Amino acid sequence: MTGSRLAKALVAVLSFTTLALLVLYAVGLTAADSTLGSTARSAVGGLLAAATLGLLRYLTGLARADRRSSDGS
């Protein structure tokens, strides 16, 4: 991976990790036995799962682009 793509990948991973930790902290502040708390936990779980898949697709795209450019095509 070139330096530019490596930097993009690092920024994406760090941004995702920071966002995930902040969201999980905020949801952890809601009462677990309330309807809002359980709904928020379910929603955040789904959103983080979707975001994780998006992050993996982004990183895979960066790696594929790097392979294509190093092949000379």
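The model is predicted: local features need pLDDT of at least 70, side-chain atom pairs count only at pLDDT 80 or more, and totals for chains, interfaces and linings use all residues. Residues are numbered from 1 along each chain as its sequence is written, and side-chain values use heavy atoms, with hydrogens and water left out. The protein chain has two helices and zero strands. Helices (H or I, at least four residues) and strands (E, at least two) are DSSP runs, numbered from the N terminus.

**Overall fold**
- Of the 73 residues in the protein chain, 16% are buried. Buried means under 20% relative accessible area, exposed means over 50%, and partly exposed lies in between (1.4 Å probe, protein chains only).
- The accessible surface of the chain comes to about 5,300 Å². Carbon and sulfur atoms account for 68% of that surface. Areas come from the Shrake-Rupley method with a 1.4 Å probe; for residues, only the protein chains shown count as cover.
- Take the contacts between residues at least 6 apart in sequence: 64% of them join residues at least 24 apart. Contact means heavy atoms within 4.5 Å.

**Helix α1**
- Helix α1 covers residues 3-28, which is 26 residues.
- At 1.5 Å a residue, α1 should span 38 Å, and its end C-alpha atoms are 37 Å apart, which agrees. The expected span is 1.5 Å times one less than the number of residues.
- Buried residues in α1 are A9, A12, F16, A20 and V27.

**Nonpolar core**
- The largest nonpolar core holds five residues: A20, V27, A40, V44 and L48.
- Helices α1 and α2 (35-71) are the elements that give two or more residues to this core. The most come from α2, with three.
- Such a core is a set of buried Ala, Val, Leu, Ile, Met, Phe, Trp, Tyr and Cys residues joined through side-chain atoms within 4.5 Å.

**V13, in α1**
- V13 lies in helix α1. V13 is partly exposed because its relative accessible area is 32%.
- Beyond neighbours within four places in sequence, V13 contacts L55 and L59.
- V13 and L59 are 46 residues apart along the chain, yet their C-alpha atoms are separated by 8.9 Å.

**R41, in α2**
- R41 sits in helix α2. A relative accessible area of 36% makes R41 partly exposed.
- Leaving aside neighbours within four places in sequence, R41 contacts V27, G28, T30 and A32.
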